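Here are my notes on this model, as numbered points. Please read them with the coordinates open.

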Amino acid sequence: MGQLFYLKECSSTNDEISRFLLYGNSDFIALYTFNQTKGRGQYGNTWAAAAGKNVAYTLAVKAQSVLLSDFIFNYYTAVVIRDFLANLTDNDVKIKWPNDIILKNKKIVGILIEKKKINQNNYFIIGAGFNVLQDHFEEISQAGSLLTQTGQVYNLDDFALNLHEYLSEKLKNIPSEQEIIDQFNRNLFRKDEISVFEIEKERQNGIIRNADEKGELWIELERDGLKAFYHKEIKLLY
């Protein structure tokens with residue numbers, strides 16, 4: 001299943017993983033901590049997490065072993081993490097495009113995937129922050145945790161170990177691109193429901209129809225009809 005390392009504290013597991021690749025001898029090398037002090041999210045956003053209550057996890061995967069486009073690999077990672085949490089909680093977990101994980105309308109996981117060249121090898125660096133035991137989210141109204149959304153208390157070490165085992169296994173047996181796109185769309189948050197969106201600071205109703213192989217989200221808008229968007233071109237307000 002690959003190697004899994006633990007740090008009592010670190011700034012960012014995505015930044016620290018390169019040190020562990022120096023002496024790792026596996027296609028899947030991962031690192032986790034319960035105290036990440038400077039977590040990063042998509043597009044330079046920060047990812048704040050309460051110490052000792054959540055799991056910051058990063059998995060390095062050799063790019064040569066992944067025969068997928070970057071967009072489809074992002075989709076597949078989100079699908080696998082969604083499936084892991086759906087199995088764990090016995091709940092209907094959703095993917096908010098492009099790769100946030102939603103449980104009962106609250107974001108419980110943020111995913112950041114980077115491509116880096118380390119020690120002459122190209123890697124996909126999969127970073128994910130899991131809200132597990134945190135019970136207060138004062139500044140982020142749309143955030144939740146496994147505890148707040150299910151009432152269940154999980155052992156953090158067991159959670160990290162099981163996650164790593166599940167992810168490593170699924171990345172050894174990657175399905176076809178079409179299967180991945182179908183799975184992603186099947187679990188897409190607010191698909192075929194009327195939602196409110198913000199486009200260039202203006203609000204408009206619309207319906208998410210599907211995500212495509214180029215990483216675009218197709219939305220049927222009230223005024224503008226069916227249009228495709230890349231991330232950050234549109235904001236889902238629920």
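1. Start with the aromatic cluster. Phe84, Phe130, Phe159 and Tyr166 form one such cluster. Bear in mind throughout that the model is predicted.

2. The whole structure holds 10 aromatic pairs by the search. One of the pairs joins tyrosine 6 and tyrosine 32: ring centres are 5.2 Å apart and the planes meet at 50 degrees.

3. Where do tyrosine 6 and tyrosine 32 lie? Tyrosine 6 is in strand β1 (residues 3–7) and tyrosine 32 is in strand β2 (residues 28–33). The pair therefore ties together parts 26 residues apart in sequence. Tyrosine 6 is partly exposed, at 41% relative accessibility. Tyrosine 32 is buried, at 9%.

4. Phenylalanine 130 and phenylalanine 159 pair edge-to-face. Their centres are 5.3 Å apart, with 70 degrees between the planes. Phenylalanine 130 sits in strand β9 (residues 121–131) and phenylalanine 159 in helix α4 (residues 156–172), so this contact ties together parts 29 residues apart in sequence. Relative accessibility is 2% for phenylalanine 130, which counts as buried. Phenylalanine 159 is also buried, with a relative accessible area of 3%.

5. Leaving out residues up to four places away in sequence, it touches Asn54, Val55, Tyr57, Ile81, Leu85, Ile108, Val109, Phe159 and Leu163.

6. Now the nonpolar cores. The largest one has 62 residues, and Val55, Leu85 and Phe130 touch the most other members. Helix α2 (residues 70–89) supplies the largest share of this core, 11 residues. Another core lies apart from it, with 12 residues, including Phe5, Phe20, Leu31 and Ile125.

7. How many of the residues of α2 are buried? The count is 15 of 20, so the helix is largely enclosed by the rest of the structure.

8. The length of α2 checks out. At 1.5 Å a residue, its 20 residues should span 28 Å. The end C-alpha atoms are 29 Å apart, which agrees.

9. Finally, look just past the end of α2. Aspartate 90 takes a positive phi there, of about 55 degrees.

Key. Residues numbered from 1 in each chain as written. Predicted model: local features only at pLDDT ≥ 70, side-chain atom pairs only at ≥ 80, totals over all residues. Heavy atoms only, no water. Core = buried A, V, L, I, M, F, W, Y, C linked by side-chain atoms within 4.5 Å. Buried < 20%, exposed > 50% of the residue type's maximum accessible area, 1.4 Å probe, protein only. Helix = DSSP H or I, 4+ residues; strand = E, 2+ residues; numbered from the N terminus. Contact = heavy atoms within 4.5 Å. Phe/Tyr/Trp six-rings, centres within 6.5 Å; stacked < 30°, edge-to-face > 60°. Expected span 1.5 Å × (residues − 1).
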